[in-house]
Amino acid sequence: MRILVTGLGTFWGSHLAQQLEALPEVEMIVGLDTQEPRLPLERTEFVKADSNYSILDRIVRATQVDTILHTHLIVDSTELPGRSLHEINVIGTMNLLAAAGTAGSPVRKVIVKSSTLTYGANFKDPYFFRESMPRTRPPRTRVERSLLEAASFVRDFAIDNPHVTVTKLRFSNVLGDDVTTPFSKALRLPAAPEILGFDPRLQFTHESDVTGALVFATRNDVPGIFNVAGDGSVPWSEVCAIVGRRRVPLPPVFTQWAAEPLRIARILDLPPEVLSLLRYGRAVDNSPFKRTGFRYGYSTAGTINAFARSLRLEGAVGSNSPSYRYERDVETFFRHSPAVVRERD
Amino acid sequence: MQHGTRFPSPVSASLDETAARAGVPVIDPPESEPESQRETIAADPVIDITESIEAATRSVALVPRPKPVRLDLEPGESEIRRGDVDAYGRSEHMREIARRIYDPMYRYWFRTVWEGLEHIPTDGGALLVANHAGAIPADAPAIMHGIETELHRPVYGLAENLFRAIPFVGTMWSRLGGVAAHPDNAYRLLKDDRQLVLVFPEGTKGTGKTYRDRYKLHRFGRAGFVEIAMRSGVPVIPIAVVGNEEAMPILFKSRRLAALTNLPYFPVTANMLAFGPLGAGMYFPAKFRIRVLPPVHFGVTADQERYPRAQVMAESDRIRDTIQDALYDMLRTRRSVWFG
């Protein structure tokens, strides 16, 4: 198995590559990104590329990759300005799939890491979205629009290339020891925000289940779209209670304006898609992916509990996130110098 | 049960079972127990309980309430969870409090009487379908309260999803068993979770009708409820409610105020005229009679892609007619709005 990972410099790209390196059936991993990897990697080849993958065509042909893991879809709109978000999600996906779909392309499997953000959050929503259900209100935020547009490219690619196994995984909100999401930021504050009078049902996926699901889809053929979320749903008030946080109410009207000072003071950025989650919540049906044989490590409540534990540890000993800096020369030396004795081969 | 209504057989069976369980120490008493005490317990168990069923106003006074089944809890999960809000937002704890507050209203204000409770299954999913009226309908809480106290089964009430958008009200409504009336929510509750689901197919057209049209059923929407019951493979149980339509009757409706407040209708009720501003939330003490009609089974396989439109409409009309007939039948025997 020869794998190409997009977004190697992101949290997910790095963690996924680390997991894939451990698999014996993976011959080779190439990682693409504009940023350098965040984690020490043993044998992944890092290629610095621009965000819309103009050299991808050449890489695919030169390395003969058969599997593409597209993790570089930005779902947290607080990370980047809207313009570059569009560039990465829409143009990036378009170019990636164009390169993967050229005549004679060796690619046989494409796995896309998307988000349940594509369902939106609205009072007309079903309590558990199935993969086939459309959202009930047109998207209003840039990140949602870009994800939907990227999804349409993936669908087109799947139709045009029936010989390729295309898997799209829609992940719910993620919590974990290391990952930073709008919810993890909110729950790290001394008091978490809520919208007065609303107590939405939310679902969380543990970060290890995210990489687990992506690895599962890599090792098994599971074509189609699947929701990935921990079992069950927990109201936001209870999430805060499990984590041990008080709640500070935002007014139910003009919520966006009320949240603005928090953003300006750099305390917490609550974009519209997160605010509508805090208002109406969202849950998805995770059973189709379970039926393919995937086993979750954590339920929603279990994820929250694991997060609460890691916060307590952090409170006691301080942040212990791994610090690592990518040094090109060092990495090249270890991978390619004849002086290094390699056990592989 | 309630006011001398004969208790349904399945529940009597479970009562006997509880009695038998209560009798276990009688058959095999601990050694230390004195002889006389043993005899007194042995003397009464089964007979006494069955007798007091006739006399008691409520079964819950006699039978310990079984712990309701939690919908989404997995082993180990209960240590983590701090609340008991289930996958649909319902909280048994909150229901319990609401039942305690509502009980006097149910018993002494509306003096609710049930007929045919034995038609409601003690296990498995069923779609309860009832007539709907009143500016603020009193039928849903009465039906949910009655079934929950008598059968110890939760009832989920489908309602307009607009509730979800209102702060506090939406949360409260959801904790008390309200579920947004999305077909998939109903399907999950009935098929996957095997629960009782209450629906009023007339919707806001039923609650928005004026006093002049009382007990005249509106059309049953687009018969979606029949399709959901067919797809989930559960029976429909028609329920006729008498009394509710006099509890808060609408005299006039203001179209202009409705448009202004964005409500489906803006009512002027008789209660408002009688009690002034208090009347907006106060019911007349009409006597409630709730008759549960025999379950309707459709004889179709569940989970079909689609069901013939004609069949769905015919079943819907048939159910509507049975409720309408029951209503007329009950009104024929009713002597007084207030005393039944």
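This is a predicted model: local features need pLDDT of at least 70, side-chain atom pairs count only at pLDDT 80 or more; totals for chains, interfaces and linings use all residues.
How many nonpolar, polar and charged residues are there, by class, in the lining of the second largest pocket?

1. The lining of the second largest pocket divides by class into 19 nonpolar, 18 polar and twelve charged residues. The volume of this pocket is about 940 Å³, and among the 49 residues that line the pocket, those closest to its centre are A:F11, A:W12, A:E79, A:V179 and A:T180.

2. Several elements of chain A give two or more residues to that lining, namely α1 (11-21), β5 (109-115), β7 (173-175), α5 (182-188) and α9 (272-280). The greatest contribution comes from α5(A), which supplies four residues.

3. In chain B, seven strands form an open sheet with mixed pairing, and their order is β1-β9-β6-β2-β5-β3-β4. Because β1 (113-115) and β4 (178-180) of chain B stand at the edges and each has a single partner strand, one side of each is left without a neighbour in the sheet. From one strand to the next, the twist averages 30 degrees.

4. At the β4(B) end of this order, β4(B) runs parallel to strand β3 (residues 155-159) of chain B, and three bridges join the two. One pair of bridge partners is B:G157 and B:G178, the latter in β4(B). Elsewhere on the sheet, helix α15 (residues 309-333) of chain B lies across β2 (126-130), β6 (236-242) and β9 (289-292) of that chain, and the helix runs at about 30 degrees to β6(B).

5. Between the chains, 30 residues of chain B are in contact with 29 residues of chain A. The area buried between them is about 2,500 Å², and carbon and sulfur atoms give 52% of that area. On the chain B side, B:I80, B:R164 and B:R188 lose the most area to chain A, and together they account for 26% of what that side buries.

6. Six cavities of 30 Å³ or more are found when the whole structure is searched, and the largest cavity holds about 180 Å³ of space. Residues from both chains line the largest cavity, including A:Y127, A:F198, A:R279, A:Y280, B:R164 and B:T171.

7. The elements that give two or more residues to the lining of the largest cavity are α9 of chain A and α8 (169-175) of chain B, and α8(B) gives the most, with four residues. By class, this lining has four nonpolar, three polar and five charged residues.

Methods
Residues are numbered from 1 along each chain as its sequence is written. Chains are lettered from A and ligands numbered from 1 in the order in which they are written. Side-chain values use heavy atoms; hydrogens and water are left out. On a 1 Å grid over the protein atoms alone, a cavity is a set of points where a 1.4 Å probe fits but cannot get out, and a pocket is an open set with protein on both sides within 12 Å along at least five of seven lines; lining residues have an atom within 4 Å of a point. Grid points are joined across faces, edges and corners, and a volume is the space filled by probe spheres set on the points. Ala, Val, Leu, Ile, Met, Phe, Trp, Tyr, Cys and Pro count as nonpolar, Asp, Glu, Lys and Arg as charged, and the others, Gly among them, as polar. Two strands pair if DSSP finds at least two bridges between them. Axes are lines fitted to C-alpha atoms, for helices over the stretch in contact, and angles run from 0 to 180 degrees between N-to-C directions. Contact means heavy atoms within 4.5 Å. Buried area is the accessible area (1.4 Å probe) that two parts lose on being put together, summed over both.
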